[in-house]
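The entries follow in the order in which I looked things up.

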Amino acid sequence: MRDPVLFAIPFFLLLLIVEWTAARKLDHVEAEDRPPAGAFHTRDARASIAMGLVSVATMGAWKFLALLGYAAIYAYLAPWQLPATQWYTWVIALVGVDLLFYTYHRMAHRVRLVWATHQAHHSSEYFNLATALRQKWNNSGEILLWIPLPLLGVPPWMVFFSFSISLIYQFWIHTERVGKLWAPIEFLFNTPSHHRVHHGMDAEYLDKNYGGILIIWDRLFGTFQEEKFRPRYGLTKPVDTYNIWRLQTHEYVAIARDVARARRWRDRLGYIFGPPGWQPVPAAPSAVAVAARD
């Protein structure tokens with residue numbers, strides 16, 4: 001149960017310092033009304049790092065709860081138990097976690113209740129290694145999506161270990177300092193170029209490139225978008241705060257507000273389970289109302 005992410009934290013901080021130093025040396029003023037490529041903003045970076053530190057604790061709590069359920073599924077429901085000593089078990093675990101991450105990630109952008117958790121990661125208008133640490137505190141969605149793996153006989157600890165590998169991999173792709181890589185790498189793997197697109201708020205880039213380690217899921221399921229221009233980062237409706245509690249919870253508050261003012265149950269459900277930005281279709285006027293108006 002030693003989480004590889006904990007051992008990777010010193011390297012995260014080292015690379016962050018290197019990128020921040022490079023940003024200070026290479027920083028320049030651009031004509032555009034947005035931060036220069038690869039720039040850091042002190043308060044923004046502090047918020048990202050603080051959110052990441054809290055997520056280490058919250059993720060540990062969610063994993064502990066999941067361990068209890070996964071162990072029961074693995075021991076009593078799985079038709080077989082795959083040996084951790086065999087290479088194919090690792091392939092199933094790593095590829096399975098990556099595919100399920102794609103599934104969850106796509107859902108997080110299309111179901112508002114799940115987006116309320118995930119949007120915190122997209123709330124920065126900067127794209128750098130500090131942004132990678134701006135993690136959510138509620139991992140319940142991922143915990144549920146991983147259930148097929150222990151059900152297939154993957155040992156629970158291998159599920160957690162594989163997801164940690166995915167998180168470590170995804171750290172380095174949060175940068176503007178790396179351009180496009182060798183074409184075969186760009187074709188198979190998630191890269192900084194692909195992930196810049198994912199964090200873009202431009203219409204052409206919205207809801208694209210959900211992959212974790214592999215980008216082939218996006219190519220297979222029609223959600224891939226190549227980077228054609230430098231994205232504008234952040235939410236389409238900026239939160240304008242560095243308060244980490246508000247960054248994590250403001251969308252839940254907005255959902256509650258919309259549900260409270262809705263008059264129909266289908267509208268309430270739409271505000272919760274519809275895509276972000278969903279709005280109800282106005283009810284057609286009744287025949288009596290039309291006659292009275294005429």
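Entry 1, rings. I began with a cluster that ring pairs build from Tyr70, Trp146, Phe160 and Phe163. For a pair I required the ring centres of Phe, Tyr or Trp (its six-membered ring) to lie within 6.5 Å; planes under 30 degrees apart are stacked, over 60 edge-to-face, and the rest tilted. I note that this is a predicted model, in which local features need pLDDT of at least 70 and side-chain atom pairs count only at pLDDT 80 or more, while totals for chains, interfaces and linings use all residues. Residues are numbered from 1 along each chain as its sequence is written, and side-chain values use heavy atoms, with hydrogens and water left out.

How many aromatic pairs does the structure hold? I found 14. I looked up the pair of Trp90 and Trp157, which is edge-to-face, with 5.7 Å from centre to centre and 75 degrees between the planes. This pair links distant parts of the chain, since Trp90 is in helix H3 and Trp157 in helix H8, 67 residues apart. Helices here are DSSP runs (H or I, at least four residues), numbered from the N terminus. Trp90 is partly exposed at a relative accessible area of 25%, and Trp157 is partly exposed at 38%. I use buried for under 20% relative accessible area, exposed for over 50%, and partly exposed for what lies in between (1.4 Å probe, protein chains only).

I then took Tyr169 and Trp172. Their ring centres are 5.9 Å apart and their planes stand at 90 degrees, so this pair is edge-to-face. Tyr169 is buried, with a relative accessible area of 19%, whereas Trp172 is partly exposed at 31%.

I counted a charge as over a ring if NZ of Lys or CZ of Arg is within 6 Å of the ring centre and within 35 degrees of the ring normal. Arg219 lies over the face of Phe224, 4.0 Å from the ring centre. Arg268 lies over the face of Trp265, at 4.8 Å from the ring centre.

A nonpolar core is a set of buried Ala, Val, Leu, Ile, Met, Phe, Trp, Tyr and Cys residues joined through side-chain atoms within 4.5 Å. Which residues have the most contacts inside the largest core? They are Tyr70, Trp146, Val154, Val159 and Phe163, in a core of 33 residues. The elements that give two or more residues to this core are helix H1 (4-26), helix H2 (42-77), helix H3 (87-110), helix H5 (129-132), helix H6 (140-145) and helix H8 (156-171). I also noted a second, separate core of eight residues, among them Ala47, Met51, Leu235 and Val239.

For Val154 I listed contacts (heavy atoms within 4.5 Å). Leaving aside neighbours within four places in sequence, Val154 is in contact with Tyr74, Leu82, Ile92, Ala93, Leu149 and Val159.

The buried residues of H13 (residues 265-273) are Asp267, Gly270 and Tyr271. They lie on the same side of H13 because they cover an arc of only 95 degrees around the axis, where the arc is that of the directions from the helix axis to the C-beta atoms. Trp265 and Arg266 are exposed on the other side of H13. The buried residues of H13 pack against helix H4 (112-118) and helix H12 (244-261).

I found His174 in the loop between H8 and helix H9 (183-188). Is His174 buried or exposed? His174 is buried, with a relative accessible area of 2%. A polar atom of its side chain lies 2.7 Å from the backbone oxygen of Gln170. Not counting residues up to four places away in sequence, His174 touches several residues, including Glu19, His121, His195 and His199.

Glu125 is in the loop between H4 and H5 and is partly exposed, at 39% relative accessibility. Its C-alpha atom is separated by 4.7 Å from that of Tyr233, 108 residues apart along the chain.

Asp207, in the loop between helix H10 (192-199) and helix H11 (216-221), has a phi near 60 degrees, a positive value in a residue other than glycine. Asp240, in the loop between H11 and H12, has a positive phi near 55 degrees. Asp207 is partly exposed at 26% relative accessibility, while Asp240 is exposed at 67%.

Terms used:
A polar contact is a pair of N or O atoms within 3.5 Å; within protein, one must be able to donate a hydrogen and the other to accept it, and residues adjacent in sequence count only if both atoms are side-chain atoms.
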